[in-house]
Amino acid sequence: MTSTKVSDHILRRLREWDVEHVFAYAGDGINGLLSAWGRAGNEPKFVQARHEEMAAFQAVGYAKFSGKVGVCAATSGPGAIHLLNGLYDAKLDHVPVVALVGQTNRSAMGGSYQQEVDLQSLYKDVASEFCETATVPEQLPNLIDRAMRTAYAKRTVTAVIIPADVQELDYSPPTHAFKMVPSSLGLGRYAPVPADEDLQRAADVLNAGEKVAVLIGQGARGARDEVERLADVLGAGVAKALLGKDVLPDDLPYVTGSIGLLGTRPSYELMQECDTLLVIGSSFPYTQFLPELDQARAVQIDVDPHMIGLRYPFEVNLVGDSRETLQRLLPRLHRKESRAWRDKVEENVDRWWEIMQRRAAVDADPVNPEYVVHALDGRLPDDVIVTADSGSAANWYARHLRLRGHMRGSLSGTLASMGPGVPYAIGAKFAHPDRPAIALVGDGAMQMNGMMEMVTAAKYHREWSDPRLIVAVLNNGDLNQVTWEMRALAGAPQFEESQHLPDLPYAEIARNLGLDGVRVEKPEHVEAAWDQALASDRPFVIDFRTDPAVPPIPPHASPDQIEATASAILHGDSDRGSMVRQGLKAKMQDMLPGSRHRADRPGAGQHDSAEKNK
């Protein structure tokens, strides 16, 4: 009879934790695990990325869209190092991810051996809640159980380091003896709630306000119904941190959209004019986009006591689960009879969507990136999952896409790393193989790592019941977000050597991989390209040739930013002519008079926009 190895037991324990996928890349530091995968019939499924960083990002995307722990694995030394960026993305966005990492044999540790890295020190920060090394079989299953349980409970990264020789040892469980640690499966459900006294104090603040603003983040995801009821009772407007973009539908008339540098004008106005602020499940970092520090009385709800009270001088801090806390808070709130504040918020929202429609219709050379994303808005499938990469693509994702119903969307929120757009979408496809996924990425991110992950899509797409994974590349030949930040924040002209990108035939490369794709160089072809991609029977890359001079104008440009951008022009920005022309055309849309009637909801005016762009 074949003995059970430590590696066999690890995979069995993962299966018992309902882990169905491990995103990984092979290496001899995990040879024992790879052999065990062969013996286990590839359960849980080994999903082969092209790079360990991409495996970690895929685990993050899987966790974000499934609600389950994402698991990734890598070999010792360089493989473990490569995982780090994706793991930091998980840690900073509060996403549960477990990393299984190989190490050299115990006999070689401390001997400056090949691929020996001090992984305990290396992972001390990213997996600070739990990072342990298995040295004897009896430490299992406890190490796996605690890694999984801690990742779930703390919504963070944990790591288990497994030396190569330990993986090959015969497994023997902990015994009923001194200094043995038995273990068990499962986390158990719980939802902390605030004390009644704190709830009443919070209700008193909210009842006293006349102009209530609500800011929600991803921590409010399980409380959609309660947030809608609260907004109705208080006559409030609701802004969303970018990680909370899919928490509340954008077609609700009082939802002002994203907030911050990538946010909307009505969200900025909501915060500038409110007298009361309620923050639910968000640690949105940009204080300058919140009310003035002495302007509003404020309440915060957060499940993590370590994150409570950040960003603003909150009068009441409620530590508790968002849904459970709101259910206890709502009966204490008084319905506001005056709807003047709500009416103003909705008027601001209406005007904003009119402006967005007009900005999408502005001519550009060759294609306006705002039009590309605006044209997708009304075409989004009801069950779509949207990912966005960091850079200017995130601006258009934040401002032009209205997520409705049960659509999902995310990006690298706090780390704001380049490169997660495509692997997030791949992780989403393994979480929900029956749902279409769309990734909005810049050409910089696509060249950095996205293009090679289309090889991963080609490898696995036949296993997805809905094969649609659409990657839209905003190909402008420029590291565009950094270019505009140089102009607006430093007053520096574009530095061509750092910013210019070579042009690649992204769609042609996709076709050579057995996928499909199309290059779009004229605005009148934009909508047809989206329709073709959405009807495809395989992953699809759209190479949109977009204009780098279209400015990602923030909802409020400070005098310093305006002066800095002017300085960039005066100092000879290589794209200054187009920059001024497109900036003026975009800003003019803000100044045109808006109609008094409610703007059309999702998809409004897109065919008109196409005609104007011809």
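How many bridges join strand β15 to strand β16? Six bridges join β15 (residues 437-442) to β16 (residues 469-475), and the two run parallel. Strands here are DSSP runs of E with at least two residues, and helices are runs of H or I with at least four, numbered from the N terminus; two strands pair if DSSP finds at least two bridges between them.

This is a predicted model, in which local features need pLDDT of at least 70, side-chain atom pairs count only at pLDDT 80 or more, and totals for chains, interfaces and linings use all residues. Residues are numbered from 1 along each chain as its sequence is written, and side-chain values use heavy atoms, with hydrogens and water left out.

The mean pLDDT, the predictor's confidence in each residue from 0 to 100, is 90 for the protein, and 87% of residues reach 70 or more. Over residues 595-614 pLDDT stays under 50. Where pLDDT is low, the predicted coordinates should not be read in detail.

To return to the sheet: β15 and β16 belong to an open sheet of six strands, ordered β14-β13-β15-β16-β18-β17, with parallel pairing. At its edges stand β14 (408-410) and β17 (516-520), each with a single partner strand, so one side of each lacks a neighbour in the sheet.

Helix α14 (residues 392-400) lies across β13, β14, β15 and β16, at about 135° to β15. Such angles run from 0 to 180 degrees between N-to-C directions, with axes fitted to C-alpha atoms, for helices over the stretch in contact, meaning heavy atoms within 4.5 Å. Helix α20 (residues 526-534) runs at about 170° to β18.
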